[in-house]
Amino acid sequence: MHDLNAASPQPVAPPPPPAPAQAPAPTASPATANGAPIDAEMARASEVLRVISASYSAKMVGQDRLRTSLLISLIAGGHILLESVPGLAKTTAASTLADTVKAQFKRIQCTPDLLPSDITGNQIYDAATGSFRTVLGPVHANFVLLDEINRSSAKTQSAMLEAMQEHQTTIGGEIHHLPKPFLVIATQNPIEQEGTYELPEAQMDRFLLKEIVEYPSPAEELEVLSRIDSGVLDPDRHVASAVSLDDVHLLQDVASRIYVDPAIRNYIVSIAYVTRNPAPYIGEERARFIKYGASPRASIAFLQASRALALLKGRTHVLPEDIRELRHLVLRHRVLLTFEADAEGIRSEEIIDQIFASVPTP
């Protein structure tokens, strides 16, 4: 395996990332156009988040990082890609979150023969009226779980692009808007590649975050067995307390008004710039492992997700630590490595850490 810590031809003093001359800082005031969140809004948002977290924990064992990632995606209005081996409660986590919010939840099991119309909907001929009527597909829900998305064909995967990006579908020439909030939770299994269709970069980029779900600890696994015996994990058993869709809209509105300082914005843009021009900052030896850097969607994802994370932590402003905490979630599916990196066992998280180490923290 290639040793990333080994000495390599790296500049002694790499040039600083691009200054505001290349990435102008927005002339934003501490308050956004709608005004910074007031104490009452922050208190209400904190209570809503407390209820969601308590309801989630009542059914889910551990997986706190997954809960945080799901909440960030929901609050930021983005979508999330989950990668893990089978049996780590990805479906349970998605359905529990939907149950907590009392939102409409649909699960789509992706298979090679799944058609785009099976997801978006179709027009059915009604013999009684002699006309066609539109039947909306399962994507028309607040929470949509695409289980093993990489098992569906490229044509079916592309059917989700309009829904994920535009929050609408087109059936028979008619546009049908998706409900709000709208969250796509897609999963993929990294250990079975036979009969799968790797997600293209264009679709990967449309996911706000990518989370790697880890195995539970022995203590957590024992608790899972205990909850199965007690009936807590029964599919027909719903959470006791819940919040409304209006509460979710409140979270999204408050998060959109979290203050992001111009220095933080320049920090975000600098990181994205270094992923595209890595050699002067992390050295030629490491830069050769990067095939493509992050697109501007990465900067947008950092901006939106950091606001959601700040809200989860009860703050009305974003800190540089928020950006660092989100680095793997935002960049692991956007900083694409070469085949050589894969052959040498180098993971994207290692390269991302080196990129962050090369960019001065504001």
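**View 1. Aromatic pairs in the predicted model.** Searching the whole structure turns up four aromatic pairs, and the model here is a predicted one. One of these is Tyr267 with Phe356, an edge-to-face pair at 6.3 Å centre to centre and 85° between the planes. This pair ties together distant parts of the chain, with Tyr267 sitting in helix H9 (residues 262-276) and Phe356 in helix H16 (residues 348-358), 89 residues apart. Tyr267 is buried at 3% relative accessibility, and Phe356 is buried too, at 1%.

**View 2. Tyr273 and Tyr281.** Here the ring centres lie 6.4 Å apart and the planes meet at 80°, so Tyr273 and Tyr281 make an edge-to-face pair. Tyr273 is partly exposed, with 25% relative accessibility, whereas Tyr281 is buried at 6%.

**View 3. A ring cluster.** Tyr267, Phe302 and Phe356 are joined into a cluster by ring pairs.

**View 4. Helix H1 against helix H2.** H1 (residues 39-59) packs on H2 (residues 64-76) at an angle of about 140°, and the axes are 11 Å apart. That angle makes H1 oblique to H2. The crossing of H1 past H2 is right-handed. On the H1 side, the contact uses Leu49, Ile52, Ser53, Tyr56 and Ser57, while H2 brings in Leu66, Arg67, Leu70, Leu71 and Ile75. Sorted by type, the contact residues come out as seven nonpolar, two polar and one charged.

**View 5. Around Asp247.** Asp247 belongs to helix H8 (residues 245-256) and is buried, with a relative accessible area of 12%. Leaving aside residues up to four places away in sequence, Asp247 touches Arg44 and Val48. Val48 is 199 residues from Asp247 along the chain, yet their C-alpha atoms are separated by 6.8 Å.

Notes: Residues are numbered from 1 along each chain as its sequence is written. This is a predicted model: local features need pLDDT of at least 70, side-chain atom pairs count only at pLDDT 80 or more; totals for chains, interfaces and linings use all residues. Side-chain values use heavy atoms; hydrogens and water are left out. Axes are lines fitted to C-alpha atoms, for helices over the stretch in contact, and angles run from 0 to 180 degrees between N-to-C directions. Helices (H or I, at least four residues) and strands (E, at least two) are DSSP runs, numbered from the N terminus. Angles under 35 degrees count as roughly parallel, over 145 as roughly antiparallel, 65 to 115 as roughly perpendicular and the rest as oblique. A crossing is left-handed if the near helix is turned anticlockwise from the far one by less than a right angle, and right-handed if clockwise. Contact means heavy atoms within 4.5 Å. Ala, Val, Leu, Ile, Met, Phe, Trp, Tyr, Cys and Pro count as nonpolar, Asp, Glu, Lys and Arg as charged, and the others, Gly among them, as polar. Buried means under 20% relative accessible area, exposed over 50%, partly exposed in between (1.4 Å probe, protein chains only). Rings of Phe, Tyr and Trp (its six-membered ring) pair if their centres lie within 6.5 Å; planes under 30 degrees apart count as stacked, over 60 as edge-to-face and the rest as tilted.
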